Structures are given as structure tokens and as C-alpha cells.
Amino acid sequence: MDIILASASLRRVELLKKITSNFKVIVSDFEESDVLFSGNCGDYVMTLAKGKAVAVCSSVKKPAAIIGCDTIVYFKGKVLGKPKNNKQAFQMLSDLSDNTHEVYTGIAVINTGTQETSTEYVCTEVRFSKLSSIEINNYIEKGESLDKAGAYGIQGAASLFVEEIKGCYYSVVGLPVNKLYFMLREMGVNL
């Protein structure tokens, strides 16, 4: 059975390689803005992940396990997605400074042969140290902010900001490999 990652994320590609090197990437054209946040982060990221996986199903001709993922940062009742510009990135990082936030990653796996669908999510708490405006601006200038939820990538230069993490590090990067491994195994995918 083919394994297909429905994501353009290079970080997710690298993490999936920890499970298997035998997979293909088909970028999903699912429109995330069509899904409204109802207040439940777990349901939200699972819905987004499933939408991405479903959008790829029609382009797959033989049985495959299609993996969709989505990651959000949740802080004080708000979803922090990808910032639209450096000003928004600065505000997000300023808010996260000296605070704890949650990172939710949803995973959906669809077996196109059996039409079985499995969805799960992982929540990880991340605590940032107190950051100065200079530190935030220096980070933004590195160009890592604009394509990441919450305006940071824990695996990059923002690793210096992380004081504590409770949960799955890989989920914060964008793909909880342990959770995905067992989801695939339970679906009968040979790895």
C-alpha cells in the first residue's frame, strides 16, 4: 500500500522519514479558511487534517494511506495561525513571551482501499522565556516566522525561546511521529 503525505511542509516530510522512507507527497489544495473555529482545538485540527487528506483522495488511483496534518498554536482563547506579515509575527511572539501556550497538531489517515478514516490530535504545552523586543526582531529577521503557526519554529532559532515543553516535541514541529506510527500500524499499514 502506498503512503501519501498530503502536505507541502518540508518539516513534515523530514519527520515522516523517521517512520518510513517509502512515501509520496501530494500537496493538498484544501481551503483551510472554509473551516470555522468553534472553540474546540482538538476537533478543529482534526477537521483541518481530514480535509487535507480527503482533498488528495481523488488523485490517488490505487489503495493508499493518505496522511493529512494541521498544527495550530492556542493562546488565551485565540488560535494563532501563520502571521500575514512581520508586524503580526512580532505581536504573536510578544504575546507568547514569558507565557505558556498550547500547540495542537491534528492527524488524519485515510485508507483509500477500505475507506477507513482515523483522526487523532496531540496537544503539547510550550513555555517561552521573557523575550526582549530586540530578540523578537532578530528572530523575525531570520525569516522563520511567516510560514509557521504562532510565528515560530521550535526546531529553528526559536529553540532559544523555549524554557519548557510538556508533551510531544515532534507535534510542535508539525507531525507527532509516535501517534502517526501507531495510527498507521492500527490501520494495517506495513512500515
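Let's start at a hairpin: strands β5 and β6 form one, with 4 residues between them. In that turn sits Gln-115, and its phi is positive, about 65°. Keep in mind as we go that this is a predicted model.

Now look at another neighbour of β5. Strand β3, residues 64-75, also runs antiparallel to β5, and 10 bridges join them. Here you can look for Cys-69, which has Ile-107 of β5 as its bridge partner.

So is β5 open or enclosed? Of its 12 residues, 100-111, 10 are buried, so the strand is largely enclosed by the rest of the structure.

Let's turn to helix α3, which covers residues 86-96. Which of its residues are buried? They are Ala-89, Met-92, Leu-93 and Leu-96. Looking down the helix axis, you'd see these buried residues within an arc of 95°, so they line one face of α3. Here is the general idea behind that: an α-helix has 3.6 residues a turn, so residues three or four places apart point the same way.

And what does that face meet?

Finally, the two ends of the helix. At the start of α3, a side-chain oxygen of Asn-85 comes to within 3.2 Å of the backbone nitrogen of Lys-87. After α3 comes Asp-98, with a positive phi near 60°.

How values were computed: Residues numbered from 1 in each chain as written. Predicted model: local features only at pLDDT ≥ 70, side-chain atom pairs only at ≥ 80, totals over all residues. Heavy atoms only, no water. Buried < 20%, exposed > 50% of the residue type's maximum accessible area, 1.4 Å probe, protein only. Pairing = 2+ DSSP bridges. Arc of directions from axis to C-beta. Polar contact = N/O pair within 3.5 Å; in protein donor to acceptor, adjacent residues only side chain to side chain.
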